[in-house]
Amino acid sequence: MSYRKLLSSEIELLKINGCKAADWEEINVAHNFIPELIEDVNFSGQVFIGTNVKMQRIFHLSNYTIEDGALLQNINTLSVEAETSFGNGISISVFNEGGGRELTMYDVMSSQIAYMLVTARHDKRFIQNLENLIQEYCNSRKSSIGLIGKDSIIKHSGIIKNVWIENKALIEGITYLSDGTVLSSDLDPIEIKSGVSAKKFIIQSGSTISDGVLLDNCFVGQGVRIGKQYSAENSVFFANCEAFHGEAVSIFAGPYTVTHHKSSLLIAAMFSFYNAGSGTNQSNHMYKLGPLHQGILERGSKTGSFSYMLWPSHVGAFSVVIGKHYTNFDSSEFPFSYINEETGKSLLTPAMNMFTVGTRRDSLKWAARDRRKDPIKFDKIRFELFNPYIIKKIIRGMTRMKELLENARKDQEYVIYKGLHIKRLLLKTCIKYYEMAVKIYIGHELIKRISENSESGNPENLPVLLKYDAALLSEDWIDAAGMIIPKNNYDDLIASINRAEIKNLKLVDEKIEIINSNFEKYSWAWCAKLIEERYNTKIEKLTAEQLSQLIKDWRENSIKLNNMIMKDAEKEFDQTSKIGFGIDSGDEIRSSDFENVRGKYEENKFVLELIKESEQINALAEKTLFFLQRKI
Amino acid sequence: MDSHEVQNRVKKVIANVLKVNEENIAEDANFIFDLGADSLQSIELVAAFEEEFQIEMPEDKALEVQTVSDAVKFISQFLA
């Protein structure tokens with residue numbers, strides 16, 4: 001965009017329109033500038049004004065480029081005071097309030113790079129080199145002129161200082177914004193509205209911050225909603241998070257972290273796909289050396305109303321925490337658990353959350369609720385409920401429970417593991433339930449590959465189809481803030497940065513993207529190896545009978561799982577659920593009132609979908625078994 | 001094992017798991033509504049029946065059992 005100086009006639013017209021300037025020579029305009037669109041603006045420093053820019057009543061405008069089509073009205077201050085990096089390069093004491101895991105934020109940061117920077121503190125050279133790459137990027141963002149991007153609207157606002165605002169942003173009624181970047185985009189604009197005050201921040205595309213939110217030293221990823229007086233400091237919120245009413249201090253909110261209720265304090269912890277019940281509370285302070293403890297709730301976890309946890313604690317994936325827990329525990333090897341408090345003990349029941357309606361509904365809704373419309377999606381997110389990371393944990397959990405069972409006496413009510421009490425009687429049941437998950441996972445992965453070939457293929461080609469590349473095999477996996485990643489690849493990436501082989505952040509992102517796009521290949525290699533271990537033979541040597549058995553196991557356990565979820569759904573229609581219905585009448589009216597408000601179990605959409613899914617599972621299994629019969 | 005013995009042992013298990021007095025357990029008592037079992041205790045009951053009678057019960061079918069008499073009938077199938 002090229003600019004010219006103002007014509008003297010234009011200066012005169014601007015003066016008539018109530019405008020003032022410290023030096024009119026510093027005001028630069030587009031060639032087809034329309035001075036009639038500018039009223040009551042006090043200019044100082046350098047200002048660049050694009051085509052069709054409308055500005056009215058700005059008390060102080062200094063050192064900004066205002067691009068084509070922008071509308072600025074009723075603003076106290078819009079200024080850049082000196083060279084700044086607009087929030088880039090600011091350090092956030094995330095995850096551990098006491099420090100030591102500082103995250104240097106930048107405007108195109110992904111949850112994966114943030115995860116590496118926050119967690120891989122064992123490798124000092126890696127941290128230093130990654131910090132150097134980030135610093136180099138942040139230096140490139142420095143300028144003493146700010147930006148109001150094309151078609152942005154800023155209205156009825158207080159002070160905006162050292163803030164970089166990209167295209168189509170809507171900023172209306174804010175109180176104070178300073179030292180930040182609003183990375184809005186044409187396809188996925190950002191809205192910041194009524195009463196928001198934000199200092200030292202970055203907000204990525206598609207996010208909305210509104211209604212008196214207070215942000216201090218915070219990073220907000222893509223498609224995030226923060227509102228209703230939420231306050232946060234030293235915290236990061238990645239893609240599709242939602243935070244209302246409550247408070248966050250030093251949290252690493254991975255993708256889909258949700259906290260909607262008043263009195264919820266999330267502090268010094270890492271989450272993803274997390275749902276905080278009302279009044280959720282956590283402590284990172286044991287009144288010894290300061291607030292230096294931290295907690296982890298792995299993906300898909302929930303905390304019930306008024307639940308409390310004392311850090312350090314680690315909650316395994318897809319688990320539900322209910323009650324107040326004053327012990328430090330680690331349930332990371334037990335996904336899908338209930339963690340209840342009972343007479344002061346933290347009671348773990350592994351696997352139970354696999355069978356709840358809530359878990360199934362969550363797993364379906366996350367993918368459907370990805371709000372990001374920007375073609376560039378910074379955070380890599382995988383939604384599979386059963387994946388190598390989770391199944392590996394489940395297998396470890398089964399091993400632990402078998403050990404605990406072997407060593408327990410029959411008259412023992414509980415066994416104790418890492419701060420948790422587990423009912424001895426349930427160990428065997430929970431192992432069985434976990435085995436169901438493993439069979440469902442294996443069968444699902446297998447049937448994906450077989451069904452690719454079953455339409456027109458020759459069963460004799462199966463060995464080729466099932467073979468995997470041993471070089472892709474990673475024994476362990478990591479859930480890196482939403483991305484399920486083979487540990488070998490993750491370690492290689494860290495090692496490359498450690499050796500300074502990767503020269504800029506874009507290349508780091510590209511490496512992560514390549515790993516993510518090959519997830520299916522890595523995942524199949526891991527699954528095939530698991531099958532080989534179970535059958536003690538190479539995958540391509542499995543007989544048709546063995547393959548058929550895996551498919552039958554998948555069918556049986558998938559349908560059984562659905563039946564158990566339906567049993568859970570049925571509870572929503574039982575006598576207890578009818579309490580409060582038919583307020584002034586007897587049983588008959590109560591049932592009728594309930595049915596008219598809530599519907600019938602057998603007509604419930606979720607239940608019908610589960611029934612349909614079970615029928616589809618059966619049909620697919622039949623088709624695949626028929627295909628395999630041709631091989632026998 | 002006759003059904004009377006199955007019933008006595010079922011009641012003993014229920015009393016132990018749900019911490020209720022064995023004498024107060026009626027034949028038609030519902031685990032949840034009459035004996036106060038929650039969802040986890042229902043699963044614990046199934047595990048306790050399996051251990052008591054040395055049987056394996058299909059999880060989804062076992063959870064459909066809601067009363068003492070249903071439990072006696074269900075378990076008896078596996079003892080036949």
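Buried residues make up 30% of the 80 residues in chain B. A residue is called buried if 20 or more other C-beta atoms lie within 10 Å of its own, exposed if 12 or fewer do, and partly exposed in between, with C-beta atoms placed from the backbone. The model is predicted: local features need pLDDT of at least 70, side-chain atom pairs count only at pLDDT 80 or more, and totals for chains, interfaces and linings use all residues. Residues are numbered from 1 along each chain as its sequence is written, while chains are lettered from A and ligands numbered from 1 in the order in which they are written.

Stay with chain B. Its secondary structure comes to four helices and zero strands. Along the sequence the pattern reads α-α-α-α. Helices here are DSSP runs of H or I with at least four residues, strands are runs of E with at least two, and both are numbered from the N terminus.

Now its dimensions. The C-alpha atoms of chain B fill a box of roughly 30 × 25 × 20 Å along the principal axes.

Turn to chain A. Three of its strands form an open, parallel sheet in the order 26-29-32. Strand 26 (281–283) and strand 32 (324–325) of chain A each have a single partner strand, so one side of each lacks a neighbour in the sheet. Strands pair if DSSP finds at least two bridges between them. Three bridges join strand 26 to strand 29 (residues 308–310) of chain A. Ser283(A) stands opposite Leu310(A) in strand 29 of chain A.
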